[in-house]
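Dear colleague,

Please find the structure below, followed by a summary of the findings. I would be grateful if you could read the two side by side.

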Amino acid sequence: MKNCEYQQIDPRALSVSPMSAQNRAEMKAQRSRRKWEVFPGKNRFFCDGRIIVARQSGVLPLTLGLIVVTCGLFFAFDCPFLVEHLTVFIPVIGGVLFLFAVISLLRTSFTDPGILPRATPEEAADIEKQIDTSGSSTYRPPPRTKEILINQQVVKLKYCFTCKMFRPPRTSHCSLCDNCVERFDHHCPWVGNCVGKRNYRFFYSFIISLSFLTSFIFGCVVTHITLRSQEGKSLIQAIQESPASVVELVICFFSIWSILGLSGFHTYLVASNLTTNEDIKGSWSSKRCTEESGNPYSYNNIITNCCVTLCGPMPPSLIDRRGFVPLVEASPAASATEIELPPFLAKNDSNMCTRSTKDVLARMVHAFDSRGLCPPGTPKTTPVGVEVSSSPSAGCPLFSRSSRKRDSLHSSNPAFRLASPSPSLSRNTMILGEGPDVGFIPIP
Amino acid sequence: MAETHSLQDLRQPAVSSKVFVQRDYGSGTISKFQTKFPSELESRLDKQQFDETIQTLNNLYAEAEKLGGKSYLEGCLACLTAYTIFLCMETHYEKVLKKISRYIKDQNEKIYAPRGLLLTDPIERGLRVVEITIYEDRSIGSGR
């Protein structure tokens, strides 16, 4: 194996050079932004990225309003009577169920359902390169599906043109939120968010607790009216004394059918490890598949399926809403690496031997962005020098859609930034080696 | 290598290319990466070292997503507290993710950086790929 010679670069020498001082000034002038501010999907963020909702909140206010109003009426008008005549535990149970339902609802609405971040330009180009093996330089759309084997069953992966990647199994693209969501169940307008891998358990506990809550309130209200009319009054008189109960009865009556039905349906889905999406499409129904039918993700055991779906490990959010967007000159790696850089630069040369590699890498990725032009997938016939001065989308037809979304060349979206060279950086005299070994030659 | 370099000689290495190690969905939706050795790395890295890195990563992700008594207990406890416990407690998965990023940093320092390569933590790419950046070979004269 050839031993690569890596020239050790003294970062102090680099730091005093005029062009990097200019870069640093520019860097400080730009306010560092969080990733949620440049998120490409149709979502809204609150509390500095801590809370995520779909752009169309649907009828979430209505859902919340109905629950709060019904429970409010219950506690105000029915509970005093029932506490007097029955037991004090009635409002206690009602309160617990109400809290559980509301907290689950808010968790479902405000949690990232399992959004997959879009592919970086290099990844997208790599995928295209793998498909386009003929070596033709003309742009062709990649094929739409890829077949893989999961547990000895053939599964087709579809290519997502918005996110520029082959969707993992069980992932679907939500058109309302414009995101690919893992283990996509459905987009729920009542909750105002997609239901996917990360918030399915919250959604399930919401509908179960809501079923119990509506049944409980319904039962209590019926008991209340029955008890009132038993005290020598007629039913009409009892209703006139407590009109709020009628409102509650009507709301509960109409919601019980749908909520109980939905709970039953989702219990079936949980037990068979299916998603609503798969069930509706009939992906694993025995009618569709000829020989080997069946869900490849199921553990063929109801209890295991339930445990996995509801009590399994909580996957992390992949979109890193509160992370900082790397600045134009800064490293495309994690912001954690960025934070580590200043201390390394400040170290004296006693640790040069061990630190220099890291500094070299840090400097490399600093410089990477100035050279991060069109990824390797672009036409090889164009002369290298032309690429630098050309517009961002020339030679990168893949990214024309993204470039449309970003007006400025100084795009801080890490996914698309690398396709747009910064003109100020290309003007810097990059001291590069002689001809053939360099990838890009800036025009001075 | 005790030469002094003038500013003219100091060069910033450029990115030559990037290699993407894709996910392996053969066992379902668990996080697992393919162990196929990319041809672009043949001149830089031993197949065995690459295998070891990917296998360790796969094992760490398997540990994070392991279904067992402990994860079920965590799930049930969370359910009983209406999932508010996630607001104050770090999940098992998050703890293993920290372990993974430490491992990748360690691998970069020891094995990949000396060879002009850089591993990117898959979590920064949405657990879709392991991105390996290949930097230009700065040995005398030749380049990629």
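**Findings**

Ile239(A) lies in helix α7 of chain A; helices (H or I, at least four residues) and strands (E, at least two) are DSSP runs, numbered from the N terminus. With a relative accessibility of 30%, Ile239(A) is classed as partly exposed, where buried means under 20% relative accessible area, exposed over 50%, and partly exposed in between (1.4 Å probe, protein chains only).

The model is predicted: local features need pLDDT of at least 70 and side-chain atom pairs count only at pLDDT 80 or more, whereas totals for chains, interfaces and linings use all residues. Residues are numbered from 1 along each chain as its sequence is written, chains are lettered from A and ligands numbered from 1 in the order in which they are written, and side-chain values use heavy atoms, leaving out hydrogens and water.

**The surface patch of chain A**

Ile239(A) belongs to a nonpolar surface patch together with Leu235(A), Val246(A), Val250(A), Phe253(A), Phe254(A) and Trp257(A). Together these residues have about 690 Å² of accessible area, computed by the Shrake-Rupley method with a 1.4 Å probe, with only the protein chains shown counting as cover for residues. Patches are made of residues with over 30% relative accessible area and no salt bridge; nonpolar side chains (Val, Leu, Ile, Met, Phe, Trp, Tyr) are joined within 5 Å, like charges within 9 Å. A salt bridge is a side-chain nitrogen of Lys or Arg within 4 Å of a carboxyl oxygen of Asp or Glu. Helices α7 (235-241) and α8 of chain A each supply at least two residues of the patch, and α8(A) has the largest share, with five.

Chain A holds 16 helices and 10 strands, and 50% of its 444 residues are buried.

Neighbours within four places in sequence aside, Leu213(A) contacts Ile67(A), Cys71(A), Gly94(A), Leu97(A), Phe98(A) and Ala101(A), a contact being heavy atoms within 4.5 Å.

**A three-stranded sheet**

Chain A also contains an open antiparallel sheet of three strands in the order β4-β5-β6; two strands pair if DSSP finds at least two bridges between them. Six bridges link β4(A) to the antiparallel strand β5 (residues 153-160) of chain A, where Gln153(A) is the bridge partner of Ile150(A).

**Chain B**

Chain B has three helices and three strands, arranged along the sequence as β-α-α-α-β-β. Of its 144 residues, 51% are buried. One of its residues, Thr133(B), sits in strand β3 (residues 129-135) of chain B and counts as buried because its relative accessibility is 4%. Leaving out residues up to four places away in sequence, Thr133(B) touches Val15(B), Ser17(B), Lys18(B), Gly116(B), Leu117(B), Leu118(B) and Thr120(B).

With kind regards
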